[in-house]
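Here is a short briefing to read alongside the structure. Keep the viewer open and follow the points one topic at a time.

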Amino acid sequence: MSVQAEFLLIALALFLWESLLWLPMRNCVLKRRWRSRHWQARMPGHLFATRAAGVLPLLPGPLEGGLAPCQSPALFPGAENVLHLESREGVFFNLGTLDWKNLVRDGHHLRVNGTHIRLTSPRTLAALSHLRQRGYSVSQAFSRQWQLALSPSRAAREWRRWRLASSTLRFFCPVLTVGFFVGLPLLYLYTSLLNMLLFSAWLWLLMVFISAQLWWLGRRVYPEARGALRMDALLSLLVPFHAMRASENASLHAFATTHPAALLLSTGDLENPWLAHYSRRILFPASPADAAWSSFIRPLLEKHLDFARYDTPPGRDEAEESARYCPRCHALYLKTTTSCQDCHGVALREF
Ligand SMILES: [Zn+2]
């Protein structure tokens, strides 16, 4: 293999590495094709996951209409101000009543009584400390965070703000990628070394521009994430692959305090399969902890969403012999089964 081919392969490997987003499992990345009204929901962790986060490969599509890595607040308050945490597997467990001194920031994590909760953006913590200063208890602060995260009008504002603030990033990041992987090799093969060097200098100017844009985002648009955005700006100045992914990295801050359901509702994508599945999880809780979560989140979402539209039977075209279905996960069963094995015994319904 020639030196040039080796260089290109290494560059491609670094680019793919930069395309992996490490996200907490309560994230749901919404992705939309150009000119489409419908979002695709992608969950982290299908490829690989640790206790705190899962990997999601986010290769850039040719014509993307939007990308929003949305996130649920870290904890939710149940009865008598007891706080609950959703585990990786979607199971909720009780952390007891908490005081502000039980919540400690530890790098990219929030440490709660020895449990580490991965955070993607300082914006989530800034919102909590703002509520703390206003005299909220921990439970009240998380309750308020959920209210804000689930508000479709707020989600619409966050979406507009991000689209406006990131318009140049969304254009220049793909230009840099194409310039690096297509322009540079072509110039090397078919023209002079001087042309290639001049083009490299132009690509670096693009990196400087991307870096300046990130700096500005941290200064004027998302000041709560200023430190993280400045670090990205510095890396984008030095590492081409980081600059190519700058838009995706910055979008983590933009949507850190927006729930995916709120963004779907604000854009009118009510037929979204993820939203339907999420609503059925709320309608048919599978355990006592699930029921506590459902009774907390249902009144908040009911203001914006008619749950009855998702309480429908699944299609059974490919399994006509099935006579029953699980109303929660839509698994199909024969007449002999009465409860769903995947949903801790939710009662089945007949077609
Ligand atoms: Zn089920």
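In this predicted model, Ala-228, Leu-229, Asp-232 and Ser-236 of helix 7 come up against Ala-246, Asn-249, Ala-250 and His-253 of helix 9. By class, that contact is made up of four nonpolar, three polar and one charged residues. The points below start with the geometry of this pair and then move on to other parts of the chain.

**Helix 7 and helix 9**
- Helix 7 covers residues 226-238 and helix 9 covers residues 246-254; their axes lie 11 Å apart.
- The angle at which helix 7 and helix 9 pack is about 175 degrees.
- Angles over 145 degrees count as roughly antiparallel, so helix 7 and helix 9 are described as roughly antiparallel to each other.

- Three strands make up an open sheet, with the order 3-2-5 and antiparallel pairing.
- Strand 3 (39-42) and strand 5 (64-71) are the edge strands, each pairing on one side only.
- On average, neighbouring strands in this sheet are turned by 20 degrees against each other, direction ignored.
- Strand 2 (residues 27-33) is joined to strand 5 by seven bridges, and these two strands run antiparallel.

**Around Phe-142**
- Phe-142 sits in helix 3 (residues 138-149).
- Phe-142 counts as buried because it has 23 C-beta neighbours inside 10 Å, and the cut-off for buried is 20 or more.
- Not counting residues up to four places away in sequence, Phe-142 touches Pro-73, Leu-75, Phe-76, Pro-77 and Leu-83.
- Leu-75 is 67 residues from Phe-142 along the chain, yet their C-alpha atoms are separated by 6.6 Å.

**Around Cys-326**
- You will find Cys-326 in the loop between strand 12 (324-325) and strand 13 (332-333).
- Cys-326 also counts as buried, because 23 C-beta neighbours lie inside 10 Å.
- Leaving aside neighbours within four places in sequence, the contacts of Cys-326 are Ala-331, Cys-340, Cys-343, Val-346 and Leu-348.
- Cys-326 and Cys-340 are 14 residues apart along the chain, with 6.0 Å between their C-alpha atoms.

Technical notes. Residues numbered from 1 in each chain as written. Predicted model: local features only at pLDDT ≥ 70, side-chain atom pairs only at ≥ 80, totals over all residues. Axes fitted to C-alpha atoms, helices over the stretch in contact; angles between N-to-C directions. Helix = DSSP H or I, 4+ residues; strand = E, 2+ residues; numbered from the N terminus. Parallel < 35°, antiparallel > 145°, perpendicular 65-115°, else oblique. Contact = placed C-beta atoms within 7 Å. Nonpolar A, V, L, I, M, F, W, Y, C, P; charged D, E, K, R; others polar. Buried ≥ 20, exposed ≤ 12 C-beta atoms within 10 Å, placed from the backbone. Pairing = 2+ DSSP bridges.
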